[in-house]
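Keep the viewer open while you read.

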Amino acid sequence: MKIFTSAQIKELDKYTIEHEPISSIDLMERAAKALTRAITDGWNNSVPVVVFAGPGNNGGDALAVARMLGDFGYQVSVYLFNISGHLSEDCAINKKRLTDSKHVKDFTEVTQEFDPPRLEKGMLVIDGLFGSGLNKPLAGGFASLVKYINASPAEVVSIDMPSGLITEDNTYNVRANIIQADLTLTIQQPKLAFLFPENQQYIGKLRVLDIRLSQEGIEKMEANYTVLEESQIRSMLIDRNTFAHKGQMGHALLIAGSYGMAGAAILAARACLRSGVGKVTIHTPKKNRDILQIAVPEAVLQFDSEETIFSEATDTEGFNALGIGPGLGQSETTAIPLIAQLRRSTCPVVADADALNILANHRAWFQQLPKGIILTPHPKEFDRMEGHSNDSYERLTKARHLAERIQGYIILKGHYTAICLPDGHVYFNPTGNAGMATAGSGDVLTGIITALLARGYKSPEACIVGTYLHGLAGDLAARDLGEESLIAEDIVRYISRAFKRLKE
């Protein structure tokens, strides 16, 4: 599913109007019907409704919804804010339709002073002040109104966007001046701001309403952001040849597990094996011999010359992919061989965990990273590499720029993990859950992606399929075990079920 900017949303409306064809007021009426259905599904007509409408098309939607709710027997009070003395054309039409209505008699057009109505528990506020076209923080009277609504015990439904929330970049927004909705009814497609954790307090529950905007227009319009869908993942899967043998299924090398952190190597290796690779070799310190031999009997062990740490780069000739970093430690004795390993690797590379922390401490080394490298940081690891970010949008922007700069792939982990490609495109992964916020989950992801690379997946597909598969395995595990008790080993155990689900 494509995620469009506010400017693109406006263009899509225009394309629909021109090519359906349909008048803009009739398209607004269609949107209002969908919004009204969603509201009547949640609240019956015994609930008093207060509608706050702005002067633009978001306000026009709100006025149309108010009229339709009145027709259904709801007790509706409407406040239209026309401070500048100018309404959008469709908002003006819906103002007339509302004032002509026999069922909504409580209508106030605010042009100067405003005495707000009493908002009580058991009432419903419909927020139609500002939608996706807002490009600056709310101030003055509108900011005061937002604070008044937020302080009330009434439930709030926002039309398209909670008023005050900007569609993409809220880095410098005034967060006290954003509506805190209980339900957001957004039109046609989710907005970029909805994917960031700090904005969830404003959105409440989210419903995406299909108002039949032009499918042709959606397909034609280029988008920098896409939310992955299961059908996309299925189309990327590589079939396993009936006559395949292990030599054809790829040989993965994992450099992982300083002494005391062998568990990271175990999780990455088990995940790698569960993701269909033919063979896994683990390069690890000598003291990890017994635990790895017992825990992952399917893996081949290759021992470092040191007892407890990674201290020497190894030849990657004969390997189809390299995963490096889980449990590696951050010793300076490890740092030099790490960059040497990255420089000399002749196969695709996934770098995670301590590999990222070492790079963060040696920023100049980014210039030496091999083209096409895959980095899989969580937000704190990314901030160590690229500096503190004020919010998720700023961090995502930096991740996009880093992917372009190093011509590699940045998998910025989170609830909607962002997969940043070298061409600037970002895929958001919808699978995964809060139970996966547990030690070792990232090691599992490293193992999965390394396996897919070794099996012959190209880097973009390995990132996309691997991230989706990782989250899906976590979802299937959480469904059976619950989020609270989920551990990384559970994700590994459910990789097989995730594959089965995708292949059914």
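Two strands count as paired here if DSSP finds at least two bridges between them. Bear in mind that what you are looking at is a predicted model.

Let's start with strands β2 (residues 49-53) and β3 (residues 76-81), which pair in the parallel sense over five bridges. Within that pairing, A53 stands opposite L80 in β3. Helix α4 packs on the sheet, where it touches β3 and β4, and its direction makes about 145° with that of β4.

Step back and you get an open sheet of seven strands with parallel pairing, in the order β4-β3-β2-β5-β6-β7-β8. The edges belong to β4 and β8 (205-209), each with a single partner strand, so one side of each is left without a neighbour in the sheet. On average, neighbouring strands of this sheet are turned by 15° against each other, ignoring direction.

Which loop holds S101? Look between α4 (89-100) and β4 (106-110). S101 has 14% relative accessibility, and since buried means under 20%, it counts as buried. Apart from neighbours within four places in sequence, S101 is in contact with R67 and D71.

## The eleven-strand sheet

The other sheet to look at is open too, with eleven strands in the order β1-β9-β18-β17-β16-β15-β14-β13-β10-β11-β12 and mixed pairing. Its edge strands are β1 (2-3) and β12 (300-303), each pairing on one side only. Strands β9 (residues 225-227) and β18 (residues 426-428) are a parallel pair with three bridges, and there Y225 stands opposite V426 in β18. Helix α9 (residues 262-274) touches β10 (251-255) and β11 (279-284), with its direction at about 165° to that of β11. Helix α15 (residues 441-455) touches β10, β13 (321-324), β14 (349-351), β15 and β16, and its direction makes about 170° with that of β13.

Now zoom in on β16. Strand β15 (residues 374-375) runs parallel to β16 and is joined to it by two bridges, with L375 opposite I410 in β16. With β17 (residues 418-420), β16 pairs in the antiparallel sense over three bridges; here L412 stands opposite A418 in β17. A hairpin of five residues takes the chain from β16 to β17. As for side chains, Y409 and I411 point one way from β16 (residues 409-412), I410 and L412 point the other way, and all are buried.

## The main core

How many residues make up the largest nonpolar core? It has 58, and those with the most contacts inside it are I282, I374, I419, V444, I449 and I495. Helix α16 (residues 459-481) gives the most to this core, with ten residues.

Residues up to four places away in sequence aside, I374 touches V349, V350, A351, Y409, I411, I449, L453, S459 and C463.

## An aspartate in α15

D443 is found in helix α15, and its relative accessible area of 11% makes it buried. Not counting residues up to four places away in sequence, D443 touches A264, L267, A268, P326 and D352. The C-alpha atoms of D443 and A268 are 5.0 Å apart, although 175 residues separate the two in sequence.

## Rings and charges

A search of the whole structure turns up nine aromatic pairs. In one of them, F196 and Y393 have ring centres 6.3 Å apart and planes at 75°, so the pair is edge-to-face. F196 lies in the loop between β7 (183-187) and α6 (200-203), while Y393 is in helix α14 (residues 392-406), so the pair ties together parts 197 residues apart in sequence. F196, at 5% relative accessibility, counts as buried, and so does Y393 at 18%.

Ring pairs also link F52, Y79, F81, F114, F130 and F142 into a cluster. Finally, check two arginines that sit over rings: the charged end of R289 is 4.2 Å from the ring centre of F303, and R363 lies over the face of F366 at 4.4 Å from the ring centre.

Key. Residues numbered from 1 in each chain as written. Predicted model: local features only at pLDDT ≥ 70, side-chain atom pairs only at ≥ 80, totals over all residues. Heavy atoms only, no water. Core = buried A, V, L, I, M, F, W, Y, C linked by side-chain atoms within 4.5 Å. Buried < 20%, exposed > 50% of the residue type's maximum accessible area, 1.4 Å probe, protein only. Helix = DSSP H or I, 4+ residues; strand = E, 2+ residues; numbered from the N terminus. Contact = heavy atoms within 4.5 Å. Axes fitted to C-alpha atoms, helices over the stretch in contact; angles between N-to-C directions. Phe/Tyr/Trp six-rings, centres within 6.5 Å; stacked < 30°, edge-to-face > 60°. Lys NZ or Arg CZ within 6 Å of the ring centre and 35° of its normal.
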